[in-house]
Structure formats: C-alpha cells, structure tokens
Amino acid sequence: DRIWCVPPDAMRPVYERTHEGELVAWELTLPPHMRRAGRSHRAILSLPEVVHFKYPNPADPIRGLSRISAAAGSIATDINIDAYNRAVLENGGAPGGLLIAKDRILTPQERDEARETWKARHGGAQNVNRTAILEGANWEYQEISLSPQDMQHLESKRWNREEVLAVMGVPKSTLSITDDLNYATQLGQTANFWTNTLIPLLEIIET
C-alpha cells in the first residue's frame, strides 16, 4: 500500500442523492501536470480509497479548512503591497508631481508628447531623483509628497508576515529571521515548533 498525494482542488465530494449531506464517494480530476498520455484523468473513488488530511471546519466539515485559507487575507494584502510597490518603481515619475501648462489648454497630441517625454526622463527605478529642467515660462511643476500610507508599507508587510507565521504555527527562527531573537529564544522556538506544530500534524496523519 502507498499514499498518492493529490491537491485538494482535484477532489470533489460526491453525495447521496436520497440522503442530503451524506458523503458516498470522491471524484478525482487530475490537474494537467499530473495527467499521463493515454490514461483517464477522471475517476470515482470509494470512501475507503481516500485518506483526507484536514483541519476541522464547522462551515464545511466534509472538506475541512486549510491553514492557507485562514491566512489568505494577509497573503493577499502582502501580494497587493508588492504589486503596488512594483508599479511605483516601473511607472512612477521621480520627482513625483504635476506638470501644469499655465497659459492655455494643451491639445491631446501636446499632452501625450509632454507626458511621454517626462516619463522617458523620470519614469522607472533607474531615473529616481533625476534633475528636471522645464523650458519656457509657461510650465509649472508641483511636487506631490508620499502619503503616510505609502510610507507604512514595510510595517504592513512585517505585520502580514507575523500573522501568516502565526497561522501556520512556524516560529521566525525557522525562517532565519533573528532581528529580535537570541540563542536561548531560538532554542525555545524550535522546541515549540516541534511540540505545537510538527508533532500534532504527524499525529493527524498517523490517525
């Protein structure tokens, strides 16, 4: 006998039609990267053929709850912060601000040319703090400072990291994050990791 591990989204519960809520089988649909040529990628498995490793979930006792689902909010926030910072580096003009034509309204062509010229000279990480020169007396540059929200992204990422580690039951020392740890604390965290995370997980699988 052997255990063949498949991702949870490859399994769909099959319920008895006459007894609502009673699980009778599992439908297996292999993802593309696990399929083999000439073999079916769908199968109906009886209950004794499936060993379901899960954490309890009152809202869905059949499928259970993944720790990743519990930490999904913090993970999504962290991804959005990274995407925002990447967009600032790729698209943001530094110095950041407004170019104002004071004497007249620009035509669409003039507006596009001015925007593209400014972006080519000041856009992107490689052009940060590059000196700007405005020709003519009718242009004005108005600087825009970063908001407090922009300046707190690093602290938000640290908070999200702490929350994800807490949900997963992983101490910071396991990831070699030692900014506020000493040797004794690291030993204690390693012991807690085994006692409170790894051993209970192994007991779930063993059971």
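I75 touches I68 and V164, leaving aside residues up to four places away in sequence; contact here means heavy atoms within 4.5 Å. I75 lies in helix α2, in a chain that has 6 helices and 5 strands. Helices (H or I, at least four residues) and strands (E, at least two) are DSSP runs, numbered from the N terminus. This is a predicted model in which local features need pLDDT of at least 70 and side-chain atom pairs count only at pLDDT 80 or more, while totals for chains, interfaces and linings use all residues. Residues are numbered from 1 along each chain as its sequence is written, and side-chain values use heavy atoms, with hydrogens and water left out.

- I75 and N160 are 85 residues apart along the chain, yet their C-alpha atoms are separated by 7.0 Å.
- S74 also has its place in helix α2, which spans residues 72-91.
- With a relative accessible area of 7%, S74 is buried.
- The contacts of S74 are N160, E163 and V164, again not counting residues up to four places away in sequence.
- V164 is therefore touched by S74 as well as by I75, since contact means heavy atoms within 4.5 Å.
- I79 is another residue of helix α2, and I79 is exposed, its relative accessible area being 53%.
- From I79 to K157 the C-alpha to C-alpha distance is 9.3 Å, for a separation of 78 residues in sequence.

**The three-stranded sheet**

- An open sheet of 3 strands has the order β1-β2-β3, with antiparallel pairing; two strands pair if DSSP finds at least two bridges between them.
- Its edge strands are β1 (11-15) and β3 (42-46), each of which pairs on one side only.
- Neighbouring strands of this sheet are turned by 30 degrees against each other on average, direction ignored; the axes are lines fitted to C-alpha atoms, for helices over the stretch in contact, and angles run from 0 to 180 degrees between N-to-C directions.
- As background, strands of a sheet pair through backbone hydrogen bonds, either parallel or antiparallel.
- β1 and β2 pair in the antiparallel sense over 5 bridges.
- Strand β2 (residues 23-29) is joined to β3 by 5 bridges, and these two strands run antiparallel.
- A25 of β2 has V14 opposite, and A25 also stands opposite S46 in β3.
- W26 stands opposite L45 in β3.
- Strand β2 is mostly covered, with 5 of its 7 residues buried.

**Loop residues to look at**

- E49 is found in the loop between β3 and α1, and E49 counts as exposed at 52% relative accessibility.
- S176 lies in the loop between α5 (153-168) and α6.
- Phi of S176 is near 60 degrees, a positive value in a residue other than glycine.
- In general, most residues other than glycine have a negative phi.
- S176 counts as exposed, at 60% relative accessibility.

**The largest pocket**

- The largest pocket has a volume of about 1300 Å³, where a volume is the space filled by probe spheres set on the points, and grid points are joined across faces, edges and corners.
- On a 1 Å grid over the protein atoms alone, a pocket is an open set of points where a 1.4 Å probe fits, with protein on both sides within 12 Å along at least five of seven lines, and lining residues have an atom within 4 Å of a point.
- Of the 36 residues that line this pocket, W4, C5, V6, P7 and M11 are the closest to its centre.
- β2, β3, α1 (67-70) and α6 (183-206) are the elements that give two or more residues to the lining.
- By class, the lining has 21 nonpolar, 6 polar and 9 charged residues; Ala, Val, Leu, Ile, Met, Phe, Trp, Tyr, Cys and Pro count as nonpolar, Asp, Glu, Lys and Arg as charged, and the others, Gly among them, as polar.

**The chain as a whole**

- Read along the sequence, the chain follows the pattern β-β-β-α-α-β-α-β-α-α-α.
- Buried residues make up 17% of the 207 residues in the chain.
- Among contacts with a separation of 6 or more, 51% are between residues 24 or more positions apart.

Terms used: Buried means under 20% relative accessible area, exposed over 50%, partly exposed in between (1.4 Å probe, protein chains only).
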